[in-house]
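User: I have a structure open and I'd like to walk through it. Can you help me read it bit by bit?

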Amino acid sequence: CSDELFIRPLSLVLSAAVRKGITEAVARAFKDTRVKAVVLCGENGKFCGGADIREFAKAMSGPPLVPMIHAIEAGEKPVVAAIEEMALGGGLELALGCHYRVAHAKARLGLPEVTLGLLPAAGGTQRLPRLTGIPAALDLITTGRHISAQEALKLGIVDRVTEGNAVEAAVELALSVVGRPLAPRRLSNHATPLPADLDGVFEEVLVQVKRRARGAMAPVACAKAVRAAAELPYSRGLECERELMNTLFTSGQARALQYCFFAQRAAGKWSLPNGARWDNSRPRAVHTAGVIGLGTMGRGIAVCLVKAGISVVAVETEEKQLDSGRRAVRGMLERDAKRRGVTAPLHMITFTLSMQQLRDVDLVIEAVFEDMALKKSVFAELSRVCRPNALLCTNTSGLDVDELASVTDRPPLVVGMHFFAPAHVMKLLEVICGPRSSPETVATAMTLGKRLGKVSVAVGNCPGFVGNRMLKLYLDQAHFLLEEGASPEQVDQALEEFGFALGIFKVADLSGLDIGWRVRKAAGLIGPDVDPKFPSRHRQGRRYCPLPDLLCEQGRLGQKSGRGWYLYDSAGGKEARPDPAISSFLQEYRLRYGISARRITEQEVVERCVFVLANEGFRILEDGMAAAPEDIDMVYVFGYGWPRHRGGPMFHAAQVGLATVLQRLEFYHRQNPDIPHLQPSTLLRRLVGARSPPMQQWKQHIRSINSQL
Ligand SMILES: CC(C)(COP(=O)(O)OP(=O)(O)OC[C@H]1O[C@@H](n2cnc3c(N)ncnc32)[C@H](O)[C@@H]1OP(=O)(O)O)[C@@H](O)C(=O)NCCC(=O)NCCSC(=O)C[C@@H](O)CCCCCCCCCCCCC(=O)O
């Protein structure tokens with residue numbers, strides 16, 4: 001506080017108390033004749049992360065944001081926002097209401113409300129387009145992307161960027177503008193600069209937004225609000241902003257997206273039955289890592305590690321694989337560096353045929369072929385070669401981590417790190433805590449995941465862990481639906497309309513149908529070991545669909561062979577086209593087994609596929625393989641293309657109503673008594689019996705909690 005300036009710190013979010021503090025402090029400053037200008041800055045070197053999302057679930061209290069920002073803008077003394085670390089959402093809207101903005105060079109700015117199912121409803125959709133013009137505002141508001149201080153300067157969002165102290169720079173600017181007219185600095189007074197072809201711009205954006213949104217409402221509402229800024233005076237634009245916000249605010253989508261925001265953060269707060277937790281277990285520092293196997297997964301993992309500043313030793317068994325791995329990894333690093341305008345850190349990775357080179361690394365991630373015998377031999381060798389305190393991690397997608405640990409000299413230092421393909425792109429990391437993994441090992445894997453930019457979820461050690469255990473049953477339903485009369489494209493269309501990034505058959509083609517084929521062979525479900533007493537289409541007393549096996553026998557392995565459930569232009573082609581040959585193949589198959597095809601509705605496709613996921617999720621909770629329903633949901637949102645605006649399979653089940661899910665599963669199970677996974681789980685029944693309590697209370701209804709985490 002000085003004679004000229006009245007400075008008040010904001011906490012990270014604009015809670016009711018903070019809004020009250022700002023409203024009162026600004027009013028006092030405007031009244032106080034000694035004060036010539038005001039600088040708004042944040043607490044702890046941040047500026048502001050926006051409205052307090054937790055307040056959205058309660059009745060609103062405290063001074064509302066819109067009039068508070070309006071009062072600042074309308075004030076007769078210059079107000080300067082000092083943006084240190086961030087100005088996001090309502091925080092940036094507050095800054096836009098100030099007359100000037102100064103940002104630290106490392107600050108991030110953005111209007112991420114769309115990612116929470118909302119729009120910037122504190123005047124952001126009306127002020128930003130008046131400042132930057134329509135295209136930039138549409139980009140920022142419909143995507144919610146964060147921008148750097150430099151980009152904000154180019155767009156005119158901030159007036160100055162400083163490498164030094166942003167508050168001091170803001171004070172300096174504030175002092176220099178005292179006495180200058182403020183009217184031109186009030187963004188609500190500005191006319192919105194319009195592009196020549198306004199209709200064309202909006203048409204194009206709406207097409208893009210709808211394609212990306214996959215059924216999410218907020219991006220479309222954001223575009224409509226920006227259009228209001230182009231066509232209406234500020235006050236009417238603001239009304240339009242408010243009306244659109246009202247629709248979004250109470251929607252299930254907004255609830256789902258805000259649930260995801262907190263669930264993502266909760267997933268990092270793991271705990272083990274022995275009392276070890278995220279906040280009492282110290283992770284090891286990781287400076288160097290080994291990656292074994294340079295197939296698709298190993299390449300992506302190596303790229304992630306290098307990009308996070310970790311030196312990598314990449315090992316292959318043969319020169320040819322090593323060479324192609326080296327070329328692929330270097331190419332990925334070079335392309336990424338070019339995109340970011342930096343030099344590719346190629347010096348941080350060495351490629352070798354010798355495991356001996358792993359002797360000094362802090363941690364190794366094994367990414368060899370999914371074969372237990374092979375992985376065991378690798379782990380036994382790692383035990384011999386690596387330092388006694390090096391962590392040994394496996395990227396297995398479903399094998400027993402403890403069995404692998406048992407061949408090493410250090411079971412407490414063994415943990416699963418299950419990446420998802422492509423590993424340098426996909427956000428999910430399942431950290432599989434074996435029964436003997438030490439707290440330090442789990443803490444290191446979870447922290448490393450975060451450092452690699454992943455959402456790390458701790459899961460228990462059971463076949464398929466959480467994600468693939470559920471995926472198997474989802475895929476089974478899709479196959480059964482084909483037997484009963486559906487086509488791959490009908491199933492995929494229903495799932496894509498539900499919001500999945502890709503239908504399950506397109507995903508299967510992309511991953512390669514031979515992966516599951518190999519797993520089923522190894523499990524004795526196909527081939528000479530199958531008990532001839534089993535009726536066809538049944539294994540181990542339950543329904544089994546041989547359709548994917550038959551496809552593989554025809555050499556239809558998916559995209560890589562140019563044919564799978566769909567037809568592609570060539571091997572490796574990406575454009576999936578329905579294949580008449582599949583339609584004939586399905587007809588012949590049904591004829592052979594005496595199945596009369598029936599009409600399958602979109603509702604049945606979605607309910608069977610999606611409710612079976614949740615049903616297995618309940619079993620996973622009962623088995624103690626996931627700590628909370630939120631963790632299961634984050635696995636599906638970040639690893640399996642589940643639509644974020646539907647929260648995750650467990651959230652979706654709660655939103656549809658557990659009683660409805662139970663009733664529909666019972667119905668489908670009555671129709672298909674040979675599919676045990678359609679039988680409602682005990683936990684689901686118990687929850688419905690307890691009148692469907694909120695998700696946070698589900699755990700209390702598990703009879704004997706047997707946490708494997
Ligand atoms: C800010 C971050 C970038 C920080 O990241 P970092 O990695 O440092 O830390 P964490 O992410 O781990 O966060 C730490 C901690 O803080 C919690 N937190 C962070 N941000 C928020 C927040 N905005 N609200 C609440 N809590 C927050 C986080 O959960 C962590 O705590 P935890 O206990 O979980 O560990 C990063 O956190 C981030 O990106 N945050 C979100 C930024 C964001 O999205 N901001 C936008 C918020 S929405 C908004 O601002 C809306 C505005 O446009 C205002 C709109 C006006 C409202 C008017 C409403 C009227 C509607 C009326 C309709 C009535 C209809 C009817 O009733 O009929």
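Predicted model: local features only at pLDDT ≥ 70, side-chain atom pairs only at ≥ 80, totals over all residues.

User: Is T162 buried or exposed?

Analyst: T162 is buried, because its relative accessible area is 15% and the cut-off for buried is under 20%.

User: What does the side chain of T162 reach?

Analyst: It reaches the backbone nitrogen of G164, at 2.8 Å.

User: And L173, where is that found?

Analyst: L173 is in helix 7, which covers residues 166-177. L173 is buried too, with a relative accessible area of 6%.

User: How far is L173 from C41?

Analyst: Their C-alpha atoms are separated by 14 Å. Along the chain, the two residues are 132 residues apart.

User: New topic: the ligand. Which residues come nearest?

Analyst: There are 28 residues around the ligand. G90, E93, E113, R265 and K269 come nearest.

User: What do G90, R265 and K269 do there, in terms of atoms and distances?

Analyst: For G90, a polar backbone atom is 2.8 Å from an oxygen atom of the ligand. R265 has a polar side-chain atom 2.6 Å from a ligand oxygen. K269 also places a polar side-chain atom 2.6 Å from an oxygen atom of the ligand.

User: How much of the ligand does the protein bury?

Analyst: The protein buries 70% of the area that the ligand exposes when taken alone, which is 1,300 Å².

User: Which helices and strands supply the shell?

Analyst: Four elements each supply at least two residues: strand 4 (86-88), helix 3 (90-97), helix 10 (234-249) and helix 11 (252-267). Helix 11 gives the most, with three residues.

User: What classes of residue make up that shell?

Analyst: The shell has 16 nonpolar, five polar and seven charged residues.

User: Back to helix 3. How many of its residues are buried?

Analyst: Eight of its eight residues are buried, so helix 3 is largely enclosed by the rest of the structure. The buried residues include G90 and E93.

User: How do strand 6 and strand 7 pair?

Analyst: Strand 6, residues 108-110, pairs with strand 7 in the antiparallel sense, over two bridges. R108 has S148 in strand 7 as its bridge partner.

User: Let's jump to strand 15. How covered is that strand?

Analyst: Mostly covered. Strand 15 spans residues 428-433, and six of its six residues are buried.

User: Which way do the residues of strand 15 point?

Analyst: L428, E430 and I432 point one way. L429, V431 and C433 point the other way. All of these are buried.

User: Which strands pair with strand 15?

Analyst: Strand 14, residues 414-419, pairs with strand 15 in the antiparallel sense over four bridges. There, H418 stands opposite E430. Strand 16, residues 455-460, runs parallel to strand 15 and is joined to it by six bridges. L428 stands opposite V455 in strand 16.

User: What unit do strand 15 and strand 16 make with helix 16?

Analyst: A right-handed β-α-β unit, with helix 16 covering residues 439-451. Strand 10, helix 13 (residues 319-340) and strand 11 make a right-handed β-α-β unit as well. Strand 10 (residues 311-315) and strand 11 (residues 349-352) pair in the parallel sense over four bridges. The bridge partner of V313 is T350 in strand 11.

User: Which peptide bond is cis here?

Analyst: The one from A421 to P422 is cis, with omega near -10°. P422 lies in the loop between strand 14 and strand 15.

User: What about phi for Q540 and S692?

Analyst: Q540 is not a glycine, yet its phi is positive, about 45°. S692 is not a glycine either, and its phi is positive at about 50°.

User: Where do Q540 and S692 lie?

Analyst: Q540 is in the loop between strand 17 (538-539) and strand 18 (542-543). Q540 is exposed, with a relative accessible area of 56%. S692 lies in the segment after helix 27 (682-689). S692 counts as partly exposed, at 30% relative accessibility.

Note on methods: Residues numbered from 1 in each chain as written. Heavy atoms only, no water. Near = heavy atom within 4 Å. Polar contact = N/O pair within 3.5 Å; in protein donor to acceptor, adjacent residues only side chain to side chain. Areas by Shrake-Rupley, 256 points an atom, 1.4 Å probe, with all protein chains shown as cover. Nonpolar A, V, L, I, M, F, W, Y, C, P; charged D, E, K, R; others polar. Buried < 20%, exposed > 50% of the residue type's maximum accessible area, 1.4 Å probe, protein only. Pairing = 2+ DSSP bridges. Right-handed = clockwise from strand over helix to strand, strands pointing away.
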